[in-house]
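Reader: I have a structure to study and some questions about it. Could you take me through them?

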Amino acid sequence: MKHEKIIDRIRKLLAMSRDTSSPYEAGIAAKRARKLIDEHQVSELDLSTVSSSNMGSNNYETRMTSTIAPIGTLAVAVAVAVAVAIFNEGIVRYVWRDKHYDVQFSGMLVDTICAVELMKYLRNEMYRQAERFTQGRAYRLGFANGVTNQVDEAMRKREQIKTSSGAALVACKGQLVEREFGPTEYSDPGPAKFTGSDSFFSKGYQSGQSASLARQVSGVTQRKISNQ
């Protein structure tokens, strides 16, 4: 019951974080969501209460009816999905459902909720901005690369979050996810054939680098949480 209440609270905070009419309150809600997630998961690990009921999967609908797509398009889709999965310390797969492919995030349940929300935000932001450019594919490839680089930097900070025993939260969760869902493996779409303008790619990269991960799941770094 306690676990369900926490998940419900996190869902509500993430919903508030999408309120574009009030960016300040949305940012506060996102930070509260991430803080609640970290504290809840550290406490679970410290008390050894994590079970299969705490793990799960959530899907992001792509509406892709085939995985056969222009390599640039597929590379972008996979790159963003993988970055989101890494940032939320889970795994990602493409699954066939209702005549189309979904991106399925698996891991600790609250993380999969955050992954879907972040995927929605990044995809919407990427395509919204790409409409301004004549070479949208080059821009989207740059955006995906920028997001990936930003996630790498964020994860180096996230790894500083410790349980009360001194173990890294990221490493502990990684072991749990692997135990529940198997080894972490990400699909590789192969190298994208980039023939667009370096200028459009660069603009996309800059946008991906500055895309607000914090708005959805703001991290809290350099802290040690104890259940004492």
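Predicted model: local features only at pLDDT ≥ 70, side-chain atom pairs only at ≥ 80, totals over all residues.

Reader: Is the pair of Phe133 and Tyr139 stacked or edge-to-face?

Author: A pair of rings is described by the distance of the centres and the angle of the planes. The centres of Phe133 and Tyr139 are 4.7 Å apart, and their planes stand at 20°. Planes under 30 degrees apart count as stacked. So this pair of Phe133 and Tyr139 is stacked.

Reader: And the rings of Phe133 and Phe200, stacked or edge-to-face?

Author: Their centres are 5.8 Å apart, with the planes at 80°. Over 60 degrees counts as edge-to-face. So the pair of Phe133 and Phe200 is edge-to-face.

Reader: How many residues apart are Phe133 and Phe200?

Author: This pair links distant parts of the chain. Phe133 sits in the loop between α4 and α5, while Phe200 belongs to helix α7. They are 67 residues apart.

Reader: Does Phe200 count as buried or exposed?

Author: The cut-off for buried is under 20% relative accessible area. Phe133, at 18%, counts as buried. Phe200 has 17% relative accessibility, so Phe200 counts as buried.

Reader: Which element supplies the largest share of the largest nonpolar core?

Author: The core has 34 residues, and Val80, Val84, Phe105, Met119 and Leu122 touch the most other members. α3, β3, α4 and α5 each supply at least two residues. Nine residues make up the largest share, and they come from α3.

Reader: Which residues does Val80 touch, leaving out those up to four places away in sequence?

Author: Contact here means heavy atoms within 4.5 Å. With that exclusion, Val80 touches Met119, Leu122, Met126 and Ala144.

Reader: How many residues of α4 are buried?

Author: Helix α4 runs over residues 109-130 and reaches 32 Å from its first C-alpha to its last. The helix is mostly covered. Of its 22 residues, the buried ones number 17.

Reader: Is the crossing of α4 and α5 left-handed or right-handed?

Author: The two axes come within 9 Å and cross at roughly 145°. Residues making the contact include Leu122 and Met126 of α4, and Tyr139 and Phe143 of α5. The crossing of α4 past α5 is right-handed.

Note on methods: Residues numbered from 1 in each chain as written. Heavy atoms only, no water. Helix = DSSP H or I, 4+ residues; strand = E, 2+ residues; numbered from the N terminus. Expected span 1.5 Å × (residues − 1). Buried < 20%, exposed > 50% of the residue type's maximum accessible area, 1.4 Å probe, protein only. Core = buried A, V, L, I, M, F, W, Y, C linked by side-chain atoms within 4.5 Å. Phe/Tyr/Trp six-rings, centres within 6.5 Å; stacked < 30°, edge-to-face > 60°. Axes fitted to C-alpha atoms, helices over the stretch in contact; angles between N-to-C directions. Left-handed = near helix turned anticlockwise from the far one by under 90°.
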